[in-house]
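Please keep the sequence and the model in view while reading.

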Amino acid sequence: MVPHKMKIENPASSLTWWEEMLRGQRGGILAESLRRAARVGSWGYGIGVRGREVAYESGLLRVKRLPRPTICVGNITVGGTGKTPLVMRLVNDLLAKGCHPAVLLRGYKRESKTSRPVLVRGPRTIRASVRDSGDEAMELAQRLPGA
């Protein structure tokens, strides 16, 4: 009897066409053209990032300090990278240690636009609507009643 061969999954097979193209796993004139365009676009992005750094270093932009120790969970990638589950894990771990964490969000995709902070959850109840807070803030408020 011949042992079954284990199928080793190729991680690249779960990538989208766009990701495969950007990583150089797709050939052809279209893929190469798009890679070159992305490279040129990355130069502009890099210049913008460096300009922002210079603005902070020179004092043109000022750092805002919060009155408590702060953990920032984020990056330039939007959606699907696990930021929300990581926040839930961190908050639950902090609650288990007797801390009183708060979660601050920018209000991405909320319908109601305001420059003022929106308190989504009070000590006992949810105090804002999804329209005013956004779906991610509401999910965190519902799943993290101690924060």
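In this predicted model, residues 24 or more positions apart account for 29% of those contacts in the chain that have a separation of 6 or more. The secondary structure comes to five helices and zero strands, and the pattern read along the sequence is accordingly written α-α-α-α-α. Of the 147 residues in the chain, 18% are buried.

A137, M138, L140 and A141 are buried in α5. Seen down the axis of α5, these buried residues fall within an arc of 165°, so they line one face of the helix. An α-helix has 3.6 residues a turn, so residues three or four places apart point the same way. On the other side of α5, D135, Q142 and R143 are exposed. The table sets the two groups beside their cut-offs in relative accessible area.

| Residues of α5 | State | Cut-off, relative accessible area |
|---|---|---|
| A137, M138, L140, A141 | buried | under 20% |
| D135, Q142, R143 | exposed | over 50% |

Which helices do the buried residues of α5 pack against? Their partners are α3, which spans 83–96, and α4, which spans 130–133. Two packed helices are described by the angle between their axes and the distance between the axes. For α3 and α5, the axes come within 11 Å and cross at roughly 30°. Because angles under 35 degrees count as roughly parallel, that crossing makes α3 roughly parallel to α5. The crossing of these two helices, α3 and α5, is right-handed. On the α3 side of the contact stand T84, V87 and M88, which meet E136, E139, L140 and R143 in α5. The residues of this contact divide into three nonpolar, one polar and three charged.

Is P145 buried, partly exposed or exposed? P145 is partly exposed, because its relative accessible area is 48% and the exposed class begins over 50%. Leaving aside neighbours within four places in sequence, P145 is in contact with R121 and P123. P145 and G122 are 23 residues apart in sequence, while in space their C-alpha atoms are 8.9 Å apart.

Definitions and conventions: Residues are numbered from 1 along each chain as its sequence is written. This is a predicted model: local features need pLDDT of at least 70, side-chain atom pairs count only at pLDDT 80 or more; totals for chains, interfaces and linings use all residues. Side-chain values use heavy atoms; hydrogens and water are left out. Buried means under 20% relative accessible area, exposed over 50%, partly exposed in between (1.4 Å probe, protein chains only). Contact means heavy atoms within 4.5 Å. Helices (H or I, at least four residues) and strands (E, at least two) are DSSP runs, numbered from the N terminus. The arc is that of the directions from the helix axis to the C-beta atoms. Axes are lines fitted to C-alpha atoms, for helices over the stretch in contact, and angles run from 0 to 180 degrees between N-to-C directions. Angles under 35 degrees count as roughly parallel, over 145 as roughly antiparallel, 65 to 115 as roughly perpendicular and the rest as oblique. A crossing is left-handed if the near helix is turned anticlockwise from the far one by less than a right angle, and right-handed if clockwise. Ala, Val, Leu, Ile, Met, Phe, Trp, Tyr, Cys and Pro count as nonpolar, Asp, Glu, Lys and Arg as charged, and the others, Gly among them, as polar.
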